[in-house]
Amino acid sequence: ALDVLIAEDNKVNQQVAQLILSKAGHRVDLADDGRQAVAAARVNEYDVILMDLQMPELDGIAAAREIRQLSGRAGQVPIIALTSHAMAGMREEVIAAGMDDYVSKPFDAHVLLAKLQHLAAFRNAGGQRKAQSVPEHSSNKGVVRFERDKLDELRTMSTPAAFVPLLSNLIEAIEQRAEAIRRFIAREELDAAAREAHHLVGIAGNVGGMRLSALYRQLQHAC
C-alpha cells in the first residue's frame with residue numbers, strides 16, 4: 001500500500017480519485033489547492049503526489065516547484081500531474097516543472113494505478129527520481145456518447161451508500177458549472193470559463209460521459 005496525496009480542488013474528481021486508490025488498498029490524503037499540497041508534503045512522507053495543474057491559491061506547476069525545493073525525501077517525492085490537456089508535449093512540460101509524469105482526465109483507473117506503482121517501485125529500488133513513463137492507452141475509435149463501463153467500474157469500487165451521493169454530486173456539479181460557464185462567456189470572461197470547462201472534462205468523463213467530456217475539452221481550448 002502507498003501513502004498518496006491527492007491535490008485537486010474539484011470535490012467530485014477528488015472523490016473519484018480517492019475511490020480508485022482506496023479500493024486498491026492505498027492510503028489517501030486530500031489537499032484542496034497547491035498551498036495545502038506543499039504544506040502536507042512538508043510534514044508527511046508520501047510515496048506519490050497526484051497534482052492537478054489548475055488550482056486556486058497556488059497552481060500545480062508552482063506547487064511542484066516549491067516541493068522540489070524541500071530538503072530530503074520530501075523534495076524527491078514522485079509527482080504525477082493531473083490534467084485535462086491531453087496534448088503533444090504535455091509530459092515534457094510537466095517534467096520541466098519538476099514533475100515525473102502525468103495522467104489525463106478523465107481518469108483511467110488501470111493507467112492511474114499502474115503509474116503509481118511504477119514510480120513508487122522505481123524509487124524504492126533506489127533509482128533516480130525520474131522514471132520511465134507508463135504509457136496511457138489510446139483508441140482510434142470516435143468518441144462514444146456514454147461509456148457504461150466507466151460508471152460500472154466506479155459502482156463496483158464503491159458501496160450503494162457512497163455511490164448514490166457521488167452521482168448526486170456529479171449532477172449538481174455539472175449543472176452549476178455549466179451555468180457558470182454561460183455567465184462567464186456572456187461577460188466575455190473567457191479565462192474563468194476555461195477553468196470551469198477544465199473541471200467538467202474530468203467530472204463528466206470519470207463517470208462515462210465521454211461525448212460531454214470531449215465537448216468541454218473543446219470549449220476549454222476555445223476559451
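Helix α1 (residues 11-23) and helix α6 (residues 148-157) pack at an angle of about 60°, and their axes lie 10 Å apart. In this predicted model, local features need pLDDT of at least 70 and side-chain atom pairs count only at pLDDT 80 or more, while totals for chains, interfaces and linings use all residues. Residues are numbered from 1 along each chain as its sequence is written, and side-chain values use heavy atoms, with hydrogens and water left out.

Two packed helices are described by the angle between their axes and the distance between the axes. Axes are lines fitted to C-alpha atoms, for helices over the stretch in contact, and angles run from 0 to 180 degrees between N-to-C directions. Helices (H or I, at least four residues) and strands (E, at least two) are DSSP runs, numbered from the N terminus. The helices α1 and α6 are therefore oblique to each other; angles under 35 degrees count as roughly parallel, over 145 as roughly antiparallel, 65 to 115 as roughly perpendicular and the rest as oblique.

Where do α1 and α6 meet? On the α1 side are V16, L19, I20 and K23, and on the α6 side L154, T156 and M157. Contact here means heavy atoms within 4.5 Å. By class, this contact of α1 with α6 has 5 nonpolar, 1 polar and 1 charged residues; Ala, Val, Leu, Ile, Met, Phe, Trp, Tyr, Cys and Pro count as nonpolar, Asp, Glu, Lys and Arg as charged, and the others, Gly among them, as polar.

Helix α1 also lies across β1, β2 and β3, running at about 165° to β2. These strands belong to an open sheet of 5 strands in the order β2-β1-β3-β4-β5, with parallel pairing. The edge strands, β2 and β5 (101-104), each pair on one side only. From one strand to the next, the twist averages 25°. Two strands pair if DSSP finds at least two bridges between them. Strand β1 (residues 3-7) pairs with strand β2 (residues 27-31) over 5 bridges, and A7 has A31 as its bridge partner in β2. With strand β3 (residues 48-52), β1 pairs over 4 bridges, and L5 stands opposite I49.

By contrast, A222 in helix α9 (residues 210-222) counts as exposed at 63% relative accessibility.

Conventions
Buried means under 20% relative accessible area, exposed over 50%, partly exposed in between (1.4 Å probe, protein chains only).
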